[in-house]
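Hi there,

Here is the structure I promised to pass on. Please have a look at it first, and then read my notes below.

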Amino acid sequence: MTSLVPNARSHQIEESATLAIAARAMQLRAEGKNVIALGAGEPDFPTPDGIARAGIRAIEQGKYRYTATSGLPQLRAAGAKWLAAAFDLHYAAEEVLVTAGAKPALHMALDTIVEKGDRVLVLAPYWVSYPALVRMADGVPVIVPPVPEQDFVHTESQIAALAQQSGAKGMILNFPNNPSGAVPTRSQLEGIVGAAEKHGMWIVSDEIYAQIRYDQAPHVSPASLPGGRERTMVVTGFTKSHTLTGWRVGFLAGPKRVIDAAARIQSQVLGNACTISQEASLAACAEPPHEEIARRLPILDERRCFLVRQINTIRDLKLAMPNGTFYALIDARALCARLGIDDVRLCTQLLEQQLLATIPGSAFGAPGFVRLSYAAPMTDLEAAVMRLRAFVDEGAS
Ligand SMILES: Cc1ncc(COP(=O)(O)O)c(C=O)c1O
């Protein structure tokens, strides 16, 4: 028997729960079943033509060689300009690192600031990868339980109490939030940043959905608030707003001393983000900010309102109006209680019996909830609501 086995750390990293459901949905589809998949977090719009063409042009012009590992200098500068125009965030070019998407940006950020054994607050509901990313940086994730009764936004005192109790050195924020769609007000965020300041914590702020907001909900970055800039690393990009999902490019912005350190790590583990995608991102930065999203928002908004209207007419399900992203986090606690099952079983039964793929809230630290993505055509959402209603009315087995 071989003693060459994967190390202990790799065993702490589970496969993403969202991938397991997606795999089963794909299997059912391959068997010819008409599965409606509302699990994935990928916009159903194509990459805008001008951006895609910039990528094609890059290949035609031979711009496919290595770049500086921190990114094309002109893209770092364009990224800084875009952050200022779109979000009023002011960074110099050398304070913006070009990475291969938001996920590597989070990884570089956490690897840069977390010391071995440091505790990092992860506010539930959280994006599935945060706990694993903290562990990979040799930190210890401290899950802050969700507060559905507060529209999923924690108060200053709730964060401060946990920071005090755990001695946390940092926290991960994600607004607009995947999966809840929560967008805090400026004063709520000021409270959260205040707690971070009081307890000397870093903030890793995942703002990958910053452009996808409804009803004039503001986007306030913690880095723009008093006491925020020096402790915040901003993760953002065009992945979700412009469907640069498969292109793999994103930004990490923060004070120069931490960006320099993150850049050193990136230079050893990643090298540069895909050169062609960096050229495409230059085109994205050159667009007037919010122009593409202004085309998409009315469509997403119609879907959002449809779901809220319909889901709330289904027995034992509740859905509060999400303020951002393209996710709906359905409160299925009453349904789970009535059926005597948990959210994982609920989602499994929904997939097996009604061929509807969703994600259990447990994957995001919110048991009893179910996440739907409405980055899907209206016909799919209509069918999904019918299947959900049929499941609830006809009874689950
Ligand atoms: C909150 C959040 N952060 C980061 C990511 C990863 O984004 P990227 O594809 O740019 O790595 C996702 C993707 O689903 C996400 O939902």
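Which residues are closest to the ligand, and how many surround it? Bear in mind that this is a predicted model. The ligand has 13 residues around it, and the closest are Gly 101, Ala 102, Lys 103, Trp 127 and Thr 239. By type, the shell around the ligand is made up of 8 polar, 3 nonpolar and 2 charged residues.

The largest nonpolar core counts 119 residues, and Ala 109, Leu 121, Met 171, Val 235 and Leu 252 have the most contacts inside it. Helix 5, residues 102-113, gives the most to this core, with 7 residues. Both domain 1 (8-33 + 291-394) and domain 2 (49-286) give residues to the core, so it lies between them. As background, nonpolar side chains tend to be buried together in soluble globular proteins.

Leaving aside neighbours within four places in sequence, Met 171 is in contact with Val 120, Leu 121, Leu 123, Ala 196, Met 201 and Ile 203.

Finally, there is an open sheet of 3 strands, in the order 9-12-11, with antiparallel pairing. Strand 11 pairs with strand 12 (residues 369-373) over 2 bridges, in the antiparallel sense. To find one of the paired positions, look for Pro 360, whose bridge partner in strand 12 is Val 370.

Methods:
Residues numbered from 1 in each chain as written. Predicted model: local features only at pLDDT ≥ 70, side-chain atom pairs only at ≥ 80, totals over all residues. Near = placed C-beta within 6 Å. Nonpolar A, V, L, I, M, F, W, Y, C, P; charged D, E, K, R; others polar. Pairing = 2+ DSSP bridges. Helix = DSSP H or I, 4+ residues; strand = E, 2+ residues; numbered from the N terminus. Core = buried A, V, L, I, M, F, W, Y, C linked by C-beta atoms within 7 Å. Buried ≥ 20, exposed ≤ 12 C-beta atoms within 10 Å, placed from the backbone. Domains from an automatic or database assignment. Contact = placed C-beta atoms within 7 Å.
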